[in-house]
Amino acid sequence: MTKRIVNAKIACLDFSLQKAKMKLGVQVVITDPEKLDQIRQRESDITKERIQKILATGANVILTTGGIDDMCLKYFVDAGAMAVRRVVKKDLKRIAKASGATICSTLANLEGEESFEALMLGQAEEVIQERICDDELILIKNTKARTSASIILRGANDFMCDEMERSIHDALCVVKRVLESKSVVPGGGAVEAALSIYLENYATSMGSREQLAIAEFARSLLIIPNTLAVNAAQDATDLVAKLRAFHNEAQVNPDRKNLKWQIIIFSSMSVSPGPSSNEMIRSRFISPFPSDDRVLLSRIGLDLVNGKPRDNKQAGVFEPTMVKTKSLKFATEAAITILRIDDLIKLHPEPKEEGGCYEDAVHSGALEE
């Protein structure tokens, strides 16, 4: 059978191309042995006619989820077509979607006859069979309907390939969420720190017990940057404190809300004549620099490699807005559900029966009397 088809017309079938057999429970009584040979010949001709109808539409690549016996393969070889049997149903759906083909589960039409139309064929620039490592793969290149791609993973063993597959799946899901969300936010705990500062400032404006709930919610948001720092083996207390300082400066000080500043982290401070101590301490964290080196304070997140805050937008660390919004929403709903359950469940002691058991009588001392 040919291993390369150019300008392929793909037929996607969801039935077997094997010698037709009568269903179970059907009995045919014959008296002439020649009629038995005619029945067997007709069984072969039924499948042959189906194949000829498919090939007559110009199909030169046939993909089917069922089997193809050797007798039927002969017809495809004579026609110079490529036939692939036992294709996974999930893969067949993807091929049909990419090539524009229609999956055909039966050749029967409304008139009670069998037919196959050319409109059900998909198109691709090339279909080729190649050997990659120890496996023979069918590659479908440049499909006409949609642009699609396949990623071939190779590893030392199955466990490594499974781990690579999970990693790539997670990365593709992130890209999918970004396209669905159509917007991103700075990562590295920037959003949580900014929300925490905003809610803490908002809580101070409340004059009721709601202030405590808002303050606790703001404090719980810091768990995310704190956990990131702990997992990176960094000083979580110091990093979260610096992160809060930057976002507090961006929200509280109106003069610096829209200003851009450069972060400067000194490993040590030397005592030398010059500016006052207050100016030295202030310049240790933020100091104005030329415009090309400035960063917005509201975009400050954690740099877990170097162990310091940084402009995560400039560093290219983002998160999909949809993921961030849903995670906050679901966590809040879970907390509310737990609080509601605690308010509704009440345990009442079971009433004791009048006639107690022997052990109750012994403990109560009734038998001693």
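User: How exposed is Glu200, going by its relative accessible area?

Analyst: Glu200 is partly exposed, at 25% relative accessible area. The cut-offs are under 20% for buried and over 50% for exposed, with partly exposed in between (1.4 Å probe, protein chains only). Keep in mind that this is a predicted model, where local features need pLDDT of at least 70 and side-chain atom pairs count only at pLDDT 80 or more, while totals for chains, interfaces and linings use all residues. Numbering runs from 1 along each chain as its sequence is written, and side-chain values use heavy atoms, with hydrogens and water left out.

User: Which side chain does Glu200 meet in a salt bridge?

Analyst: Arg244, at 3.1 Å from N to O. A salt bridge here is a side-chain nitrogen of Lys or Arg within 4 Å of a carboxyl oxygen of Asp or Glu. The pair ties together distant parts of the chain, with Glu200 in helix 5 (residues 190-203) and Arg244 in helix 8 (residues 236-252), 44 residues apart. Helices (H or I, at least four residues) and strands (E, at least two) are DSSP runs, numbered from the N terminus. Arg244 is partly exposed as well, at 23%.

User: How many salt bridges turn up in the whole structure?

Analyst: The search finds 16. One of them is Arg131 with Glu136, whose closest N and O atoms are 3.2 Å apart. Arg131 is exposed at 55%, while Glu136 is partly exposed at 39%.

User: And what does Glu319 pair with?

Analyst: Lys324, with the closest N and O atoms 3.0 Å apart. Glu319 is partly exposed at 24%, but Lys324 is buried at 8%. Through shared partners, salt bridges join Glu192, Glu319 and Lys324 into one network.

User: Back to helix 5. Is Ser196 buried or exposed?

Analyst: Ser196, which sits in helix 5, is buried, with a relative accessible area of 0%. A polar atom of the Ser196 side chain lies 2.9 Å from the backbone oxygen of Ala218.

User: OK, new topic. How far does helix 4 reach from its first C-alpha to its last?

Analyst: Helix 4 (residues 158-181) has 24 residues and spans 34 Å, close to the expected 34 Å. That expected span is 1.5 Å times one less than the number of residues.

User: What happens at the start of helix 4, and which residue follows helix 4?

Analyst: At the start, a side-chain oxygen of Asn157 comes within 3.3 Å of the backbone nitrogen of Phe159. After the helix comes Lys182, which has a positive phi near 65°.

User: Which side chain does Glu180 join in a polar contact?

Analyst: Arg177, at 2.8 Å. A polar contact is a pair of N or O atoms within 3.5 Å; within protein, one must be able to donate a hydrogen and the other to accept it, and residues adjacent in sequence count only if both atoms are side-chain atoms. An α-helix has 3.6 residues a turn, so residues three or four places apart point the same way. Glu180 is in helix 4 and is partly exposed at 38%. The C-alpha of Glu180 is also 7.9 Å from that of Met322, 142 residues apart along the chain.

User: Where are the positive phi values at residues that are not glycine?

Analyst: Among them, Asn142 has a phi of about 55° and lies in strand 5 (residues 135-143). Ala233 has a phi of about 60° and is in the loop between helix 7 (223-231) and helix 8. Ala233 is exposed, at 69%. Most residues other than glycine have a negative phi.

User: Which members of the largest nonpolar core touch the most others?

Analyst: Leu13, Leu17, Ile62, Phe76 and Phe116, out of 19 residues. Strand 1, helix 1 and helix 2 (70-79) each give at least two residues to this core, and helix 2 has the largest share with 3. A nonpolar core is a set of buried Ala, Val, Leu, Ile, Met, Phe, Trp, Tyr and Cys residues joined through side-chain atoms within 4.5 Å.

User: Last one: which residues form the nonpolar patch on the surface?

Analyst: Val26, Val28, Ile30 and Leu36, with about 290 Å² of accessible area together. Areas come from the Shrake-Rupley method with a 1.4 Å probe; for residues, only the protein chains shown count as cover. Patches take residues with over 30% relative accessible area and no salt bridge, joining like charges within 9 Å and nonpolar side chains (Val, Leu, Ile, Met, Phe, Trp, Tyr) within 5 Å. Ile30 is partly exposed at 32%, in the loop between strand 1 (4-13) and helix 1 (33-56).
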